[in-house]
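Open the model in your viewer and keep the selection tool handy. We will go from stop to stop, and at each one you will hear what to pick.

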Amino acid sequence: MYRSGWGTKPGQEYILALTIKRDFFEEILLNASWSSYTSERYKTHEEWKSHVQNTNVRLQWDPDHLPNGDKETRKAIQLGLKDNMLSRLNDEGIIEINNVNKLVEEQRHIAFSDNWETLTTPLEQIYTPSKNAAENVLIDTAKQQ
C-alpha cells in the first residue's frame with residue numbers, strides 16, 4: 001500500500017489483489033533478471049546486461065515499509081513483468097482477481113494513526129521457493145547491512 005500511497009497516487013487509485021498459481025510464480029522467479037549488476041549473481045557486467053535484455057522479468061529488493069511509510073530493515077521483493085510474461089500472467093497465471101479499493105480506503109486512515117492493532121492486513125506466511133527459484137532470488141543479507 002505504501003508504494004501506491006494507499007491508493008491515492010495518480011494512476012494508482014485502483015488496487016487489485018491477484019491470486020496466482022504457485023508454479024507460475026516460481027517460473028517468474030526462475031526467469032527474473034536482477035535490476036542491477038551484482039558480482040555475486042553474475043560473472044560479468046556483460047552477462048548481466050545480456051540476461052536483462054533477454055528476459056521479461058525484473059527483480060529488485062527494496063526496503064519494506066511500515067503502514068505509515070517508515071522504512072523497515074527487512075527487504076521487500078519487487079517483480080516487474082513485461083511482454084510475453086505479462087501476457088502469460090493474464091492468460092494462464094491468474095486464479096482470482098479481487099477489487100480491494102473499498103478495504104484500502106477504509107484502512108488508509110488507520111495506517112497513519114497510532115492504532116495499527118485495528119489495521120486489517122493479509123495474513124503473512126513464509127514463502128519457501130523451490131531450490132532453483134531460491135538460488136535466483138536470494139540475497140546475502142549480511143552484505144545488505
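This is a predicted model: local features need pLDDT of at least 70, side-chain atom pairs count only at pLDDT 80 or more; totals for chains, interfaces and linings use all residues.

**Stop 1: the largest core.** Select F24, I28, V57, L59 and M85, the residues with the most contacts inside the largest nonpolar core, which has 14 residues. Such a core is a set of buried Ala, Val, Leu, Ile, Met, Phe, Trp, Tyr and Cys residues joined through side-chain atoms within 4.5 Å; buried means under 20% relative accessible area, exposed over 50%, and partly exposed in between, using a 1.4 Å probe and protein chains only.

Next, colour α1 (22-31), α2 (45-53), β3 (57-65), α3 (83-93) and α5 (131-137), each of which supplies at least two residues of this core. Helices (H or I, at least four residues) and strands (E, at least two) are DSSP runs, numbered from the N terminus. Which helix gives the largest share of the core? That is α1, with three residues.

Now zoom in on F24. Leaving aside residues up to four places away in sequence, F24 touches M85, R88, L89, E92 and G93, where contact means heavy atoms within 4.5 Å.

**Stop 2: N101.** Pick N101 in helix α4 (residues 101-111). Is N101 buried or exposed? N101 is buried, at a relative accessible area of 17%. Its contacts, not counting residues up to four places away in sequence, are E13, Y14 and I15.

**Stop 3: two backbone angles.** Most residues other than glycine have a negative phi. Select W6, in the segment before β1 (16-20): W6 is not a glycine, yet has a positive phi of about 55 degrees. W6 also counts as buried, at 7% relative accessibility. Then move to D83 in helix α3, another residue other than glycine with a positive phi, near 50 degrees.

**Stop 4: the surface.** Finish by showing L16, L18 and I97, which form a nonpolar surface patch with about 290 Å² of accessible area together. Patch residues have over 30% relative accessible area and no salt bridge, with nonpolar side chains (Val, Leu, Ile, Met, Phe, Trp, Tyr) joined within 5 Å and like charges within 9 Å. A salt bridge is a side-chain nitrogen of Lys or Arg within 4 Å of a carboxyl oxygen of Asp or Glu, and accessible areas come from the Shrake-Rupley method with a 1.4 Å probe, where for residues only the protein chains shown count as cover.

Methods. Residues are numbered from 1 along each chain as its sequence is written. Side-chain values use heavy atoms; hydrogens and water are left out.
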